[in-house]
Amino acid sequence: MTVHSRKPAAQPSAAQDRPQVTQLRLSAFAGHRAAVLPLGPMTLLTGPSGSGKTSALGAYEALARLCAGAELPDVFTDPVACVPERARADGQRRRGFRIGCTVDGPAGSVRLDLAVQAEPELRVVGERLTCGDLVLLETALRDPGRRVVQAAWHTAGATPVTRAPMPDDRLGTALVPLRVAGKTDGQRLVLAAAEQVVVALRSAYVCDPRPSRMRAPVPAGLVGSGRLLGGCDNLAEVLWRTRAECAVRHAMLVSAVRSGCAGPVADVVAEEVEDGAVHAYIDRGGGVRTPLGRLGDGELRYLALALVLLTGSGVLAVDPVAEVPQAYQSLTILADGLDRRLDARQARTLGELAARTCGRGHIRLVGAVGDASWAADAGASVVDLEP
């Protein structure tokens with residue numbers, strides 16, 4: 001597979017102190033081998049069906065979930081599907097996959113590389129956290145009979161390296177704050193690098209709106225969280241919340257819907273009825289309202305994606321790093337099929353909205369698209385996964 005990247009002209013960053021994932025590496029993952037994907041504030045993955053757009057987003061999501069503390073079996077429910085098809089097993093029938101990323105931020109350019117064994121049993125077999133030529137954390141499977149890996153991290157004190165076992169079903173980088181005391185300059189560098197990676201990766205929102213689940217009112221039993229699910233099933237409830245909480249963002253949403261949906265749009269409204277369910281409508285003016293259930297699939301996806309771009313971690317169902325101020329975090333939206341069911345006008349308008357949002361620095365976007373012809377006008381970086 002050949003990766004071609006087209007980047008827009010460089011623009012000043014809106015948030016230099018926010019850790020940001022600038023590269024995704026798929027050394028051996030599903031259909032990818034030795035693939036390096038550069039990531040900017042707004043990155044679109046394109047290529048024909050089967051080129052690996054969805055699996056690339058899946059690798060990013062996996063790293064995000066591992067940084068949030070999830071265990072391997074919860075992240076890789078079908079690990080064998082992540083192994084490259086022609087990968088051969090060794091003498092012990094072992095096969096696996098390798099993924100990684102680069103995160104730029106206050107600690108410099110930090111690399112995370114992870115090797116996972118998928119067969120005969122799922123486990124981490126190696127992990128490396130580096131900054132330049134300095135290895136900050138390294139783990140390796142020394143004894144296959146034990147469910148641990150041997151970890152070594154930079155200390156730079158009386159003892160240059162500290163060694164201790166770590167579990168083989170978790171990401172060591174996410175466990176560093178629990179293991180490293182931070183008493184020496186070396187240990188503090190390890191902590192800073194690990195925090196940078198965790199902060200950059202952890203706040204990821206996987207979004208793929210499903211019109212079939214967005215048409216019906218949100219039942220009373222599901223109303224309550226006010227946080228938008230990845231499939232946007234509870235769209236009506238979140239519209240109800242955002243309209244009440246932020247008039248400015250709601251006005252921006254109405255403007256975006258007016259640009260991307262057919263017919264007049266005076267407002268986007270939601271209301272709770274007697275049974276506790278929440279209904280949403282497009283207000284056409286003059287007392288005419290169109291229920292969301294009557295909108296086309298493209299209109300519903302466009303509306304949901306516009307709402308996602310105009311909100312943030314307080315509205316979307318994500319897991320931000322609570323101990324780090326929001327001003328130092330970025331939310332990354334992972335959107336598979338970003339232009340699915342959208343017409344050319346909707347794709348272009350959504351792209352312009354995404355570019356304005358990502359330009360502010362608090363939200364980044366990595367989306368998979370079938371057609372990236374509109375991307376240049378939107379100022380997106382395009383990564384072509386050419387087979």
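**Salt bridges and a helix contact**

D185 is exposed, with a relative accessible area of 59%; exposed means over 50%, buried under 20% and partly exposed in between, with a 1.4 Å probe and protein chains only. The model before you is predicted, so local features need pLDDT of at least 70 and side-chain atom pairs pLDDT 80 or more, while totals for chains, interfaces and linings use all residues. Residues are numbered from 1 along each chain as its sequence is written, and side-chain values use heavy atoms, leaving out hydrogens and water.

D185 forms a salt bridge with R188 (2.6 Å, N to O), the term meaning a side-chain nitrogen of Lys or Arg within 4 Å of a carboxyl oxygen of Asp or Glu. Both residues lie in helix α4 (residues 185-202), three residues apart; helices are DSSP runs of H or I, at least four residues, and strands are runs of E, at least two, numbered from the N terminus. R188 is partly exposed, at 41%.

The structure holds 19 salt bridges in total. Another joins E138 and R128 at 2.3 Å, N to O. Because E138 belongs to strand β8 (residues 134-140) and R128 to strand β7 (residues 123-131), this pair ties together parts ten residues apart in sequence.

I turn next to R123, whose side chain meets that of E121 in a salt bridge (3.0 Å, N to O). R123 is buried, at 1% relative accessible area, whereas E121 is partly exposed, at 33%.
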